[in-house]
Structures are given as structure tokens and as C-alpha cells.
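Hello,

Here is the structure I promised to pass on. My notes follow it.

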Amino acid sequence: MKYTRHYFLLFVIAAVIIILSACRKDPTKVGFDIQPPSDDIELYGNDTIILFASYTVEHDSVSTSSMSTLVLGSMNDPVFGSTQAAFNTQFRLSKTNPYFGKNVTFDSICLQLAYSGRWGDSSTWMTAHVYRLTDSLSLNSDTTLGVTRDNYFATDIVEYDRVPLGSKTFLDQPFDSVEMKRFWLKYTAAMHAPFLSIRLDDEFGKELLSDSSLFVSNSDFLSKYYGLRVDVDPVAGSFGKMLYFGTASPETKLVLYYTNSDSSANYSFVINDGCIRFNNYEIDHSTADADLQNQLNNSFPTSTLGDQRLYLQPLNGVRIKVNFEGIETLREKWQNGNKFVINEAKLFLNNAEPYDKNLPPSPQLTTYTVDATGKIIMTPDSELGATYMGGAFNSGKNRYEMRITRYLQKRILDPSMDNDNLYISISGASFVANRVVLYGNNPDDEKDMKAKVRILMTEY
């Protein structure tokens, strides 16, 4: 029995040694012993393909139509210069042919905007102005999508009356609930999600209340009231901020308050999917960082232009134009019979600024190409979504990682793609303000943090 136990123990020890040896097998050689030597494959990582001659360029004007987020604000950014954000929107009837009661008298009219977020200096006071549009917002045929929809861009301006209907200086409180008194219930109070309220000119409200023909249909209403524009004064002496307002919130509306013989009441004009709306952005880079200005103003980019820093700015700001070193080498390798598959090509972009939770960088980046006709085309990787592509900011590593595997493989096989330009941009650049400063192609101070592509490939 002792011998049996002894042999059993030796057997267990031997088995453990074999298992541990198997666990140490090089993952690049798994399967080596089950195929003939002539069918061996080579799997290796290659860090020699790096971003090269990549630099910062201005965005073409971005479409800001039909956004669920209205952006309003002003910033003086020492890196990116100044930015002003405004928006234009229609309103629609919440109910046609409403009954206002007997002996109706006007009380007030207010624009309510439900907060959905903020980016920037929370301590900055702002002054907002509301204007009446004097030209209608119209639908345009979008041949790209094959549908008819509004198609306004960040730099488009619709005419408006320069005399404001209302103004307000305020310190936003996007996370504090609002208490509102309900007069028709003997002054009881109700709590609402946070919103900004701007009282408008009484004459404007009286004009609306006195014309019953406006409430017959939305087309009747929109034929006379084209909508509103809202902007803010430029901030001075502070970084400033951008405020986000959600159009889907029931608190975003134009509210007409009145009194009749029975009680106090109100009627709402709403923003819904049928409303044409768009954001305006005005950016001035004349006070921006000298390196950024140099990249934007250089008509003949050199290989070292983006060496130190690369910049990403949303709201019609700037993006990164990408070129690669080594594409031709890999293409020649393929054409000479050395076949390979790119298992993974991952782009590493390191944040050049310390992480600041109060001014966080963009949570998500994306990639796309622009062909010779100016058409924007998502890369094969970005088409698969952020789960596959990546691009999310990693606050622990203070960097972004994005797959460009399918794009790079396709480009190596198709030389005609060399005529297309590859860009990196902030995801949601039409309605988020978070900007990013990245280490460039070969920074002097942090060369190990340079922008690069790591390639894992299989030769066969």
C-alpha cells in the first residue's frame, strides 16, 4: 500500500510538470507541433509603423442639424483660442385649437431649456440673449441619405431680429432641481429637473395669445413664427464653458402663462422631432497655442510639423490628418509574394495634458476617410462600432487606443486608397466640447509617448 501511494505521488508530480511545461508554450507557436514544418506561420509584433507627417487641420464645416443636444456657451481656451456657441430652433404646438377659458389675460412668457450637461469652468457667469428669427428654417434634399431633411451646418446663419426678446445673466446649476409653484393648486410646489428659464418680452407673448388663428395647425403657426435664436456674450477673464440642453426633455419648451376667470394656467410650445434646429459655432484660433497655429497655417506640411503635439477640437474646430510611414514597404512585401494577414493594428495616442476631472478630454475618438470628392466614409473598423474599434479614453493610462486593422489591411491591398485622406476626430464633434492635446509623432520631451501604430501580423 505504501509503494502504491509512493508511485501515485510520483505520477501526480510528473503530470504537474508536464502541464506546467505546456502552459509555458510561446503563444505565437501554438499549433506548431501539429502541422508540417513547411506550413509554419510567423506571428510577430511590429512597432516600426508609426504616425508620420501627421498634423492638425481645420474641420470642414460640420452638419449640426437635428441634434438632440443644443449647445450654448463661450470659451477662452489658451490652447485652442476662443469659441462661441449658439443655436436656432423652431417650436411646434403642443395642442391644436386649445381653449384658454373666459376673460383671458396675459401673464408672462418664458423660454425653458433643460440642462443635460456642461464642460468648462463651472464658476463662470454668462449672459444669454434670445432673438426672434426673421427667416424660416427650411428642409433641404439630402441626396446622400436619399431623404428630405434639414441640413444646416455649424457656420450657417439664419436672419434674426437683432433686438433681443429677452436676456438673462446667470450661473448655471445643471444638477440642482427646480422648485416651481403650481398656482392652480393653491400655490403648492413641485420639483422639476434642472432647467434655465429666460423671461421674454411681454408684447411677444401678448401677440401670440391674441391670435387664435395661430393655433389651428403647426403650418399656420410656423408661417408666422419661424423660431428663436439663443446666444451668449463672449466671456472675459475666465476659461468659460459650454452648456448642453436636451431637446427630448419635457422641460425644454416655450411657456405662455395666462389667467382666465377660473385660474392661472399655461400653454407650451415644444421642440420635437418635427422641429428644424441646428447649432452655430464660431471659432477664432488667433489666440491659440503657437504650435497649433503653425500647423493650421502651414500650406506645405512637412514631416516634422506634428512632431511635438497633435490637437483635436470639436464644435467645428480641428482634427488630425494621418499619414503613415511604411505602407509602401508592406505593400512591396505583399506584391513580392510574402503574404501576410494583419491580425491587429492598434493606434496609440497619449494625452499630453495631465488628466483633469473638471476639464476631462473627449471620452471617445473615431476615424474616417475623405475621398477625392469630399465624401466622408467611415473606416471598416469604425463601421463595426466602438466596442470593436475602441477609441475610448483610458483615464488610468491617460491615452486612447483604436483599432485600424481592417483599414490598414485594405489600404495595403488597394493603392487607390492612397488618394483618400484618413482623419482622427472627436466622436460627437457636433455637440460636445471636450478637446484633446496629444503627444505628436516624435516629441522631444516624451519620446516614449509618441503617437504610434502597433501591428501584429501573420505571414503564411
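A residue counts as buried under 20% relative accessible area and as exposed over 50%, with partly exposed in between (1.4 Å probe, protein chains only). This is a predicted model: local features need pLDDT of at least 70, side-chain atom pairs count only at pLDDT 80 or more, and totals for chains, interfaces and linings use all residues. Residues are numbered from 1 along each chain as its sequence is written, and side-chain values use heavy atoms, with hydrogens and water left out.

Aromatic pairs

Phe100 has 13% relative accessibility, so it is buried. Tyr267 is buried too, at a relative accessible area of 6%. Rings of Phe, Tyr and Trp (its six-membered ring) pair if their centres lie within 6.5 Å; planes under 30 degrees apart are stacked, over 60 edge-to-face, the rest tilted. The structure holds 18 such pairs.

Phe80 and Tyr311 pair edge-to-face, at 5.9 Å centre to centre and 85° between the planes. They sit 231 residues apart: Phe80 in the loop between strand 3 (69–77) and strand 4 (81–89), Tyr311 in strand 19 (residues 309–312). Helices (H or I, at least four residues) and strands (E, at least two) are DSSP runs, numbered from the N terminus. Both Phe80 and Tyr311 are buried.

The ring centres of Phe100 and Tyr267 are 6.0 Å apart and the planes are at 80°, so this pair is edge-to-face. Phe100 lies in the loop between strand 5 (92–93) and strand 6 (105–120), and Tyr267 in strand 17 (residues 264–270), 167 residues away. Ring pairs link Phe100 and Tyr267 into a cluster with others, including Phe204, Phe215 and Tyr258.

Charges over a ring

A charge sits over a ring if NZ of Lys or CZ of Arg is within 6 Å of the ring centre and within 35 degrees of the ring normal. Arg403 lies over the face of Tyr388, 5.3 Å from the ring centre. The charged end of Arg406 also sits over the Tyr388 ring, at 5.7 Å from its centre.

Five strands make an open antiparallel sheet, in the order 2-20-26-22-23. Strands pair if DSSP finds at least two bridges between them. Strand 2 (55–58) and strand 23 (376–378) are the edges, each pairing on one side only. Six bridges join strand 22 (residues 365–370) to strand 26 (residues 421–426). Thr366 stands opposite Ser425 in strand 26.

Helix 5

Helix 5 (residues 327–335) has Ile327, Leu330 and Arg331 as its buried residues. Just after helix 5, Gly337 takes a positive phi of about 95°.

Best wishes
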